[in-house]
Number of protein chains: 2
Amino acid sequence: MKIKELKGILGKNKLDAALFYSIGMTPNPNMVYFAQYYGAGALIVPKKQSPFLIVPEMEYERAKKSMIKKLYSMDKKKFFESINSILKKNKIKMKNIGIDKSAFTLLAYKNFKKQFKKARTKDLALDCLKLRQIKTKEEIKTIKKAFDYANKIITAAIKNFKSFKTESKAAAFLEYEAKKLGLETSFPPIIASGKNASMPHHMPKNIKLQKGFCVIDFGIKYKGYCTDITRTIYIGKPTEKERQIYGFLLNIQKNLIDNLKINGNCGKIYENCVKALKNYSKYFTHGLGHGVGAEIHELPNLTLSSKDKIKENMVFTIEPGIYIPNKFGIRIEDTILMETNPNLLTNVAKDLLTV
Amino acid sequence: MKIKELKGILGKNKLDAALFYSIGMTPNPNMVYFAQYYGAGALIVPKKQSPFLIVPEMEYERAKKSMIKKLYSMDKKKFFESINSILKKNKIKMKNIGIDKSAFTLLAYKNFKKQFKKARTKDLALDCLKLRQIKTKEEIKTIKKAFDYANKIITAAIKNFKSFKTESKAAAFLEYEAKKLGLETSFPPIIASGKNASMPHHMPKNIKLQKGFCVIDFGIKYKGYCTDITRTIYIGKPTEKERQIYGFLLNIQKNLIDNLKINGNCGKIYENCVKALKNYSKYFTHGLGHGVGAEIHELPNLTLSSKDKIKENMVFTIEPGIYIPNKFGIRIEDTILMETNPNLLTNVAKDLLTV
C-alpha cells in the first residue's frame with residue numbers, strides 16, 4: 001500500500017531509500033503496511049527503483065506471498081551484512097536513509113552502522129504514521145470486512161455468555177471463533193469481571209466469572225488490519241444505581257460520537273469527555289481513543305494534549321470508561337470510520353445487557 | 001527472579017542502576033523476568049536500593065500483582081520525564097545506567113537522553129540473556145508445570161485431529177484449550193499441511209487440511225514462562241519412502257538428544273546434525289535449537305556459528321527439519337532440560353502418527 005506516497009516522502013526529504021526491518025517474532029507494522037509481509041527480514045524502498053524484501057531463507061516461501069516482487073534471501077546471523085551486499089549488487093545508493101526510529105533498536109543501529117558507515121538516517125516514524133492514518137478506499141474495504149467478522153464474533157460471545165464458567169473460557173471462545181476463520185486476534189481479549197473490571201488491561205484469569213459489570217474488549221486482524229471494540233455487560237441483577245451509571249457513561253459515549261466533525265480537535269474531544277464525566281473524571285484513567293489500522297494503536301490520538309485533527313477516512317475508537325479501584329469498571333468502545341459523518345464500524349448493541 | 005544477580009552485574013560494571021521499559025503492547029522480557037510484570041512502564045533496579053516499578057495509571061492495579069513492592073504511577077505521555085522526577089524524589093543516582101539495547105528504540109533513547117543528559121548507558125542485553133539461560137530451581141518448577149499443560153494440550157489436539165476440517169480449526173483448538181486454562185500461547189500455533197509444511201513459519205489458513213505431512217508447532221506461557229514443541233503427523237497414508245524419510249529425521253533427532261553433554265559445544269551439535277542429514281542438509285533452513293524461558297527464543301543458540309556451551313539447568317530445543325520447497329516439510333522438536341543428563345520436558349510420542 002502507498003509505496004508511491006512513501007517515495008514522495010523520500011523525495012521531499014532528499015532520501016535515497018527507506019529501510020524497515022524486523023528481527024524475531026514481532027512484525028514491523030510498516031512492513032505489514034507497505035509490503036503485506038509479516039515475518040523477519042528487511043524491506044528496502046529505494047526512491048528510484050522498485051522495492052524489495054530481504055528475508056531469512058526459512059521465510060522465503062512466505063515472502064513470495066507478499067506484495068513485493070523482488071525477493072532475496074539473507075543470512076539471519078549476518079543481518080545487515082547480507083542487506084549491504086545485496087544492495088551493493090543492485091547498485092542501490094544508501095547514503096541518506098529513512099528509518100522508523102520507534103521500531104529500530106540501539107543494537108540494530110550499531111550493527112547497521114557497521115555496514116553503512118557513511119549513512120545518515122532520518123526518522124520517518126511520524127511520516128509513516130501520518131500516511132497510515134488516512135485510509136485508502138482499498139483499505140476501507142478490507143477494514144469493513146474485518147469489522148464484519150469482529151462484530152459477529154463478539155455478538156456470538158455475548159449471546160453465549162451464560163454458558164461460560166470462567167473469564168478464561170469466555171476469552172477462549174472469542175479466540176477460538178477468530179481462529180476458526182483463520183484470523184488472529186489484534187490483542188489478547190480482555191474479560192474482566194467483578195473487581196477485575198476496575199483494571200482496564202486485566203488479563204482474563206481461570207476464575208469463576210464474578211457478579212457485576214463485566215468488560216469484554218476484543219479485536220481481530222484481517223489481512224493485516226486490526227479491529228477494536230469493547231462492550232460491558234452485567235452478570236446478575238444490577239441495582240438502579242448501577243443502571244444509572246452505565247446509562248450515564250453510554251450517553252456520554254453516544255454524544256461524543258454524534259458530535260464528531262471533520263477538522264474536530266482531538267484534545268478538545270477528550271476535554272469534552274472529561275467535562276461530561278464530572279466527578280467521575282478522576283476514575284477515567286486512559287485515553288479517549290486511538291487510530292486503528294496496521295497497528296492496534298495508531299494516529300490519531302484522542303488524549304488531552306493531542307493536537308491531532310479528525311479527517312475524512314480516519315478510523316479511530318471512542319472509548320470512555322469509569323474504573324473505581326477494587327469495586328467495578330465500565331468501558332464502552334466503538335470504532336468509527338469518519339466520512340462526511342461518523343460511521344460506526346462496530347454495530348453491536350450497547351444497551352446494558354444482563355446475563 | 002535473580003534481582004540479586006542483576007545487582008551483582010551492576011556492581012561489576014560500576015553502574016548505578018538498571019532501567020528496563022515497555023511502551024505499548026509488547027512486554028519487555030527483562031521486566032517479565034525480574035519483576036513478573038507484563039505491562040507498559042519502567043522497572044528501575046538501583047544498585048543499592050530496592051527495585052521499583054513506574055507504570056501508567058491504568059496499569060497500577062495490575063502492577064500491584066507483580067513481585068515489586070515499590071510502585072509509582074506515571075504520565076505515559078511524559079514517560080521519561082515522569083521517571084526522572086520520581087527518581088529525583090527518591091534520590092536515586094542515575095549517572096551510569098545499564099539498559100537492554102536490544103529492547104531500547106532510537107526514539108526512546110532520544111527521549112531518555114533529554115531527561116538524563118549526563119547519563120552514560122551500558123548495554124546489559126547479553127548479561128541479562130546469560131543470567132536467564134541458567135534456570136533456578138524455582139523457575140524449573142514453573143517450567144515443568146508449563147510443559148505439563150503444553151504436553152496435554154498438543155496430545156489432545158493430535159487425538160482429535162481427524163475432526164479438524166481446516167488448518168485454522170486445528171490451530172483454534174490448540175489456542176482454545178490453552179485459553180480455557182487461562183494460558184496465553186507463546187506464539188501463534190503453526191499448523192502447516194501439504195505443501196504448506198515446506199514453510200517452517202507457515203501461518204494456518206482457513207483451508208482444508210491437505211494430505212501428507214502436517215507440522216504442528218505449539219507453545220504456551222505459564223507464569224511468564226514459554227514452552228515449545230513440534231510434532232509432524234501424516235494425513236492419509238504415507239508411502240514407504242515417506243515413512244523412511246520421517247524415520248531418518250527422527251533417528252537424527254533422537255541421537256542428537258541422546259548425545260547432549262554438559263559443556264557440549266552448540267556449534268558442534270549443529271554441525272553433527274548437518275552431517276547426519278547428508279544430502280538433505282540443504283533442505284534444513286533454520287537453527288537446530290534455542291533456549292526457552294521468559295522469551296520463546298533465548299540463549300543458548302544451537303547454530304553453526306554458535307560458541308555457546310550446554311550447561312546444567314539450561315532449557316533449550318532440539319528441532320531438526322527437512323523442507324522441500326513446494327513439496328513437503330517435516331520438523332520434530334523437543335525441549336530439553338539439561339541436568340546431569342538431558343531430560344525431555346516434551347514427553348509426547350514421536351513415532352509417525354497417521355490420521
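**Close-up views of chains A and B**

**Interface between the two chains.** In this view, 47 residues of chain B are in contact with 47 residues of chain A (C-beta atoms, placed from the backbone, within 7 Å). Helix 3 (60-63), helix 5 (106-115) and helix 8 (167-180) of chain B are the elements that give two or more residues to the side of chain B that touches chain A (helices are DSSP runs of H or I with at least four residues, strands runs of E with at least two, both numbered from the N terminus). Helix 8 of chain B gives the largest share of that side, 8 residues. The side of chain B that touches chain A is made up of 19 nonpolar, 16 polar and 12 charged residues (nonpolar: Ala, Val, Leu, Ile, Met, Phe, Trp, Tyr, Cys and Pro; charged: Asp, Glu, Lys and Arg; polar: the others, Gly among them). Of the interface residues of chain B, 100% are also interface residues in chain A, so the copies meet through the same surface.

The model is predicted: local features need pLDDT of at least 70 and side-chain atom pairs count only at pLDDT 80 or more, while totals for chains, interfaces and linings use all residues. Residues are numbered from 1 along each chain as its sequence is written, and chains are lettered from A and ligands numbered from 1 in the order in which they are written.

**Domains of chain A.** Chain A is divided into domain 1 (3-132) and domain 2 (134-344) (bounds from an automatic or database domain assignment). Their C-alpha centres lie 33 Å apart. Domain 1 of chain A brings 7 residues to the contact and domain 2 of chain A brings 6. On the side of domain 1 of chain A that touches domain 2 of chain A, helix 2 (29-35) and helix 6 (125-133) each supply at least two residues. That side of domain 1 of chain A has 4 nonpolar, 1 polar and 2 charged residues.

**Helix 6 of chain A and its cover.** The buried residues in helix 6 of chain A include A:D127, A:C128, A:L129, A:R132 and A:Q133 (buried: 20 or more other C-beta atoms within 10 Å of the residue's own; exposed: 12 or fewer; partly exposed: in between; C-beta atoms placed from the backbone). Among the elements covering the buried residues of this helix are helix 1 (3-12), helix 2, strand 13 (289-291) and strand 14 (298-302) of chain A.

**Sheet 7-10-11 of chain A.** Three strands form an open sheet in the order 7-10-11, with antiparallel pairing (strands pair if DSSP finds at least two bridges between them). Strand 7 (184-185) and strand 11 (225-226) of chain A are at the edges with a single partner strand each, so one side of each is left without a neighbour in the sheet. Strand 7 of chain A runs antiparallel to strand 10 (residues 220-222) of chain A, and 2 bridges join them. A:T185 has A:I220 in strand 10 of chain A as its bridge partner. Helix 7 (residues 137-159) of chain A packs on the sheet and touches strand 10 and strand 11 of chain A; the helix direction makes about 145° with that of strand 10 of chain A (axes are lines fitted to C-alpha atoms, for helices over the stretch in contact; angles run from 0 to 180 degrees between N-to-C directions).

**Sheet 8-9-12 of chain B.** This open sheet of 3 strands in chain B has the order 8-9-12 and antiparallel pairing. Strand 8 (190-193) and strand 12 (229-235) of chain B stand at the edges. On average, neighbouring strands of this sheet are turned by 15° against each other, direction ignored. Strand 8 of chain B pairs with strand 9 (residues 212-218) of chain B over 4 bridges in the antiparallel sense, and B:I191 stands opposite B:I216 in strand 9 of chain B. Helix 7 (residues 137-159) of chain B packs on the sheet, where it touches strand 9 and strand 12 of chain B, and its direction makes about 10° with that of strand 12 of chain B.

**Strand 18 of chain B.** In strand 18 (residues 334-338) of chain B, 5 of its 5 residues are buried. B:D334, B:I336 and B:M338 lie on one side and B:T335 and B:L337 on the other, so both faces are covered. Strand 15 (residues 315-318) of chain B is joined to strand 18 of chain B by 4 bridges and runs antiparallel to it, with B:F316 opposite B:I336. Strand 19 (residues 342-344) of chain B pairs with strand 18 of chain B over 3 bridges, also in the antiparallel sense; here B:N343 is the bridge partner of B:L337. A hairpin through 3 residues joins strand 18 to strand 19 of chain B.
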